[in-house]
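Please keep the structure open while reading.

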Amino acid sequence: MGRVATDLAYLATIVAFIFALKFLSHPSTARRGNWIGAVGMLIAIGITFAQKQIDSVWEILLGMAIGGAFGAVAARKVKMTAMPQMVALFNGVGGGAAALISLAEFHNLAPDPGRLHGDISVSIILSALIGSVSFAGSMVAFAKLQELIQGRPIVYAGQQVVNALLLGAILAAGIAIVAGAERQWLIVALIGGALLFGVLFVLPIGGADMPVVISLLNAFTGLAAAATGFELENNVLIVSGMLVGASGTLLTLLMGRAMNRSLANVLFGAFGQIVAGPAAAADTNGGAVRSASADDVAVMLAYAQKVVVVPGYGMAVAQAQHDVRQLADLLEARGVEVSYAIHPVAGRMPGHMNVLLAEANVPYPQLKEMRDANPEFPRTDVALVIGANDVVNPDARSNAGSPIYGMPILNVDESQTVVVLKRSMNPGFAGIDNPLFLNPKTVMLFGDAKDSVAKLIAGVKAL
Amino acid sequence: MSHSLLLVFEVTILVLAVALGFEVISKVPTLLHTPLMSGTNAIHGIVIVGAMLVAGLGHKDTLTTVVGLVAVVLASANVVGGFVVTDRMLEMFKRRDPPREDDGSGRN
């Protein structure tokens, strides 16, 4: 296949990707958009195989079968609640691929003096650096969300200094390579340093901020892909990578805005500094918390006029969405008006709750976004908070010293009664106290969300 | 085309891609943030083309081929996993989207 025909086919891929992004931005066309993107990808892969210089075709096909099978099985088997870490995992391997491409290109070109143009070595270093950071950072994000390592920020003294020194050393290695020190160990050291930096960069960020971090690393992988396009002088890589780099950056900013926090605050912010031990937080709260039995709460719900369910990550980890819907159905059968208030960043990712509740067949019109839900709370008899914490923390409204001060929240404390389903008094993912639990209107129902909801169902049925 | 002319051309399309990337998703509702992130995640799987080129183009030694093939494996997982996860997320929405047409019918 000639260069012109190949580039034209790549252009078709680029057009498909643009339409994919456009369609993915609208609810009615989103699924089609994803398919258009997949077709664009197939065109690009097919046309790359058709280039007559390509050899090792069988090896490449075998590699695709292995990677593709892993991707397909992992993506199909994963529970809906674990989607965020799946996105992190697939993002990470993409970044890893970009870094390996740079390593191979460097190995290929460096031995012949003069073949490594300045701009090519800059691209190689950028994609090696960004791809490695994205790979390692995504793996840490995956481990945090999968609870392989603790979700709360991991901090130590002098962290920022260590990170800055490491980044400086990596950049120095990069500059040395561009300046002509085309040694293989330098690029290997650069990749190793970038991997370490990726780990250190994400460790101090709390699990609650992982969506923003994954979105940022997603944009990083796009940039790394664009840089490999410069190495290989390939337009489809440059344009597609940069489309993701730009739209991913915008998406990251939109997510940050939904939490009313700047990106700098998420990445280097106060969250890491303010963490108190969970035990200490429980002590200070201990006395004033009212806890209730499931039967008490069942009565409250059954005789309410209007109940608003506020789901959070606790519902997701407990896989309680189906039970929640069953409870809502029971209440509706008794004439109670039930709706769901969805905070834009409830759960681990924007839209996380919508996906879960849709899975449980909750009627779409019952899902209320924050701006529609908040005016309803003063007319609400019971706000049923299921495993949500930071998104209902009144400190965000009133306590200027709180790390989440200024974040828009769901004003559940304006309703008659607040019932909080929670595993324990441990602070939420952000690791901060929540005065809502001390509010005299609030009763706590401790336990796993799924168990608690099941008990509520039994309680309502028994009435 | 001389090397520097090619570079300028490449930078030009890069800049246009930045503008387009910002523009094309600027009106996305919060509801679709996660699927959109997942969709863009699949699209950067395009590095598979780079991995294929590195693994498959001649004039190289075993190390290049092996590293290139590992990149092919990783990129394939990115591509397939990315599109499948996104489709699964969007499948959830499709049932009642647009809501009015499907409301109360009880069909899945």
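This is a predicted model: local features need pLDDT of at least 70, side-chain atom pairs count only at pLDDT 80 or more; totals for chains, interfaces and linings use all residues.

S5(A) is mostly covered, with five of its six residues buried.

These pairings belong to an open sheet of six strands in chain A, whose order is S3-S2-S1-S4-S5-S6 and whose pairing is parallel. Strand S3 (367-369) and strand S6 (442-446) of chain A stand at the edges, and because each has a single partner strand, one side of each is left without a neighbour in the sheet. From one strand to the next, the twist averages 25°. Helix H15 of chain A, residues 321-333, packs on the sheet and touches strands S1 (306-311), S2 (337-342) and S4 (382-386) of chain A, and the direction of this helix makes about 175° with that of S1(A).

At the level of the whole chain, the domain assignment divides chain A into domain 1 (78-273) and domain 2 (278-462). The C-alpha centres of domain 1 and domain 2 of chain A lie 36 Å apart.

Which elements of chain B give two or more residues to the side that touches chain A? The contact itself involves 83 residues of chain B and 99 residues of chain A, and the elements in question are helix H1 (3-24), helix H2 (33-43), helix H3 (47-56) and helix H4 (62-94) of chain B. H4(B) supplies the largest share of that side, 31 residues. By residue class, the side of chain B that touches chain A divides into 50 nonpolar, 23 polar and 10 charged residues.

A last stop within chain B is Thr12(B), which is found in helix H1 of that chain. Is Thr12(B) buried or exposed? Thr12(B) has 10 other C-beta atoms within 10 Å, and because a residue counts as exposed at 12 or fewer, Thr12(B) is exposed. Thr12(B) and Leu53(B) are 41 residues apart along the chain, and their C-alpha atoms are separated by 23 Å.

How values were computed:
Residues are numbered from 1 along each chain as its sequence is written. Chains are lettered from A and ligands numbered from 1 in the order in which they are written. Two residues are in contact if their C-beta atoms, placed from the backbone, lie within 7 Å. Helices (H or I, at least four residues) and strands (E, at least two) are DSSP runs, numbered from the N terminus. Ala, Val, Leu, Ile, Met, Phe, Trp, Tyr, Cys and Pro count as nonpolar, Asp, Glu, Lys and Arg as charged, and the others, Gly among them, as polar. A residue is buried if 20 or more other C-beta atoms lie within 10 Å of its own, exposed if 12 or fewer, and partly exposed in between; C-beta atoms are placed from the backbone. Domain bounds come from an automatic or database domain assignment. Two strands pair if DSSP finds at least two bridges between them. Axes are lines fitted to C-alpha atoms, for helices over the stretch in contact, and angles run from 0 to 180 degrees between N-to-C directions.
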